[in-house]
Amino acid sequence: MKINDSVFGELEFDYIWTKETTIHFLGKDVGISLIIKGDEDGRFDEEQYLAYQALIKNWAQLQQSFLQPILEYYQQKRYELGYDIAFNENYPLVETTDKILHMITLEGIVIPYGDIREGRDIGILFACTWDQENGLGLRLLNEEVVDVGYQDIVI
């Protein structure tokens, strides 16, 4: 089933509402999936619209704020796995956000149900070179990174 939502645009339902779109991310146009949680009826919560609109309005400024939390998460994972001592080609030493940027690829934006958390809740999905199976997810609340982990933290 397809709908044309006034805010999200043309969406297709296959157990979740999605559309393929392009977004500018740190100097490049990137093809991503926009995923909106919702029932088959195609009605969404007001909070979902507010979260998405705030994200898009602030997107240019927000992008850069993703990199430091991702770098810190990567460094913590590398330490937890012992790769700060033992060499692993998937977990090289990375000390700058410029280098971490080359290890991630934006894949999607998830708009969860509006009543799960207080505030504007958004998930950002990345592929990453160090964990191709689980990927990387960021959870934003009111346009601030509040959680970094595997992609499943936002799905």
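Let's start with one residue. Setting aside neighbours within four places in sequence, Glu12 touches Met1, Lys2, Trp17 and Thr18. Keep in mind that this is a predicted model.

Where is Glu12? It sits in strand 2, residues 9-13. Now compare sequence and space. Glu12 and Val110 are 98 residues apart along the chain, and their C-alpha atoms are 14 Å apart.

Eight strands make an open sheet, ordered 1-2-3-4-5-6-7-8, with mixed pairing. The edges are strand 1 (2-5) and strand 8 (144-149); each has a single partner strand, so one side of each has no neighbour in the sheet. On average, neighbouring strands here are turned by 30 degrees against each other, direction ignored.

Two pairings to look at. Strand 3 (residues 17-25) and strand 4 (residues 28-36) run antiparallel, joined by nine bridges. Glu20 has Ser33 in strand 4 as its bridge partner.

Strand 7 and strand 8 are also antiparallel, with five bridges. There, Leu138 is bridged to Val148 in strand 8. Two residues lie between these strands in the hairpin, and Asn142 has a positive phi near 55 degrees.

Last, the helix. Which strands does helix 1 lie across? Helix 1, residues 46-80, lies across strand 1, strand 3, strand 4, strand 5 (104-111), strand 6 (121-128), strand 7 (136-141) and strand 8. Its angle to strand 6 is about 45 degrees.

How values were computed:
Residues numbered from 1 in each chain as written. Predicted model: local features only at pLDDT ≥ 70, side-chain atom pairs only at ≥ 80, totals over all residues. Heavy atoms only, no water. Pairing = 2+ DSSP bridges. Helix = DSSP H or I, 4+ residues; strand = E, 2+ residues; numbered from the N terminus. Axes fitted to C-alpha atoms, helices over the stretch in contact; angles between N-to-C directions. Contact = heavy atoms within 4.5 Å.
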